[in-house]
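I want to look up a few side chains and write down what I find.

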Amino acid sequence: MKRDLKNIIECYSCGLFVKKQPYENLSQRCPRCNTKIITSKKHSLDSLYYAFSSLLIFILLSLYPLISISINDIQIKATLFGTISILLEQNLFFVALVVLFTIIIAPVLNSLVIIFSFIQIHTKFKIFTDTLLHDGFYFFKKWAFIEVFIISIIVSYIKLIAMFDTTEFNLGFYLMLAYIFSLFMMNVRFEGKTVLGE
C-alpha cells in the first residue's frame, strides 16, 4: 500500500515522522517530545524583495564609513572593506579571511541563492541544481555573522569614546542595521519547501 508522503511531516526537535492533521488552522504537537510542529508555511515573494534590498543596501554599505574618530584635528574613518585591509596590514590573515567570509561573502551569497531559487522555479533558466541551492541556502545562512560584527563595532565605539576627541557612528553603521534587518526578513520569509521542492 502506497503512503501519501505529502501528509507526513518531520518533527525538527526529535525527528519523529508525524501525520499532518486535516485542518491547517489547528496547532499540532509532536506526540513524542510535545514540540509544536509547523504543518504549513505559505510561500511569500517578500523574501525575494528583501534579497534584492539586501544587495542594494550592501552596495551602499561598502561606500560609506561605519564609524569615524578624530584626534588632534585628524579624522579617521573605518569602512567595511577598510576593516579587512587593516587586519591584513596587522598580518592577521586568518582573522581577515574569517571576517571576509562571514561578513561579506556568506551574506551576499545567501541573498544570491534566494534570487536564483526564484528565477529557476519561475522560469526555464536553470544554472544550479535544486540540491545545490538548498544546501547553499542553509550553509550561507548559518555562516553569515554580520550581527556579531555590528556588536563588535558598538563595543569598539564605547571603548573609543574615552580615547579620542570625538567618536561617532556614520551612515554606514545605520545602513548595516538596515542590511541585517533585510537579511533576517529574507531568511524568515523564504520557504525552501515551496521554492526548492524539498
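This is a predicted model: local features need pLDDT of at least 70, side-chain atom pairs count only at pLDDT 80 or more; totals for chains, interfaces and linings use all residues.

My entries below go through a serine, some aromatic rings and a leucine.

**Entry 1: Ser54**

I began with Ser54 and looked up where it sits; its place is in helix H1, which covers residues 46-61. Is Ser54 buried or exposed? The relative accessible area came out at 0%, so I put Ser54 down as buried.

Next I wanted its neighbours. Leaving out residues up to four places away in sequence, Ser54 touches Ser111, Tyr179, Ser182, Leu183 and Met186. With Ser111 there is also a polar contact, side chain to side chain, at 2.8 Å.

**Entry 2: aromatic pairs**

How many aromatic pairs does the structure hold? I get 14. I picked out the one formed by Phe101 and Trp143, which is edge-to-face, with 6.1 Å centre to centre and 70° between the planes. The angle is over 60 degrees, which is why the pair gets that label.

Where do the two partners of this pair sit? Phe101 is in helix H3 (residues 93-122) and Trp143 in helix H4 (residues 130-143), so I logged the pair as a link between distant parts of the chain, 42 residues apart.

Phe101 has a relative accessible area of 24% and is partly exposed. Trp143 is partly exposed too, with a value of 40%.

A second pair I looked up is Phe139 with Phe140. This one is edge-to-face as well, at 5.3 Å centre to centre and 75° between the planes. Which side of the burial cut-off does Phe140 fall on? Phe140 counts as buried because its 14% relative accessibility is under 20%. Phe139, at 41%, counts as partly exposed.

Putting the rings together, I find that Phe101, Phe139, Phe140, Trp143 and Phe145 form one aromatic cluster. Both pairs I wrote up have their members in that cluster.

**Entry 3: Leu112**

Last one for today. Leu112 has its place in helix H3, the helix that also holds Phe101. I looked up its accessibility and got 28%, so Leu112 counts as partly exposed.

What separates Leu112 from Ala51, in sequence and in space? Along the sequence they are 61 residues apart, while their C-alpha atoms are 7.3 Å apart.

Note on methods
Residues are numbered from 1 along each chain as its sequence is written. Side-chain values use heavy atoms; hydrogens and water are left out. Helices (H or I, at least four residues) and strands (E, at least two) are DSSP runs, numbered from the N terminus. Buried means under 20% relative accessible area, exposed over 50%, partly exposed in between (1.4 Å probe, protein chains only). A polar contact is a pair of N or O atoms within 3.5 Å; within protein, one must be able to donate a hydrogen and the other to accept it, and residues adjacent in sequence count only if both atoms are side-chain atoms. Contact means heavy atoms within 4.5 Å. Rings of Phe, Tyr and Trp (its six-membered ring) pair if their centres lie within 6.5 Å; planes under 30 degrees apart count as stacked, over 60 as edge-to-face and the rest as tilted.
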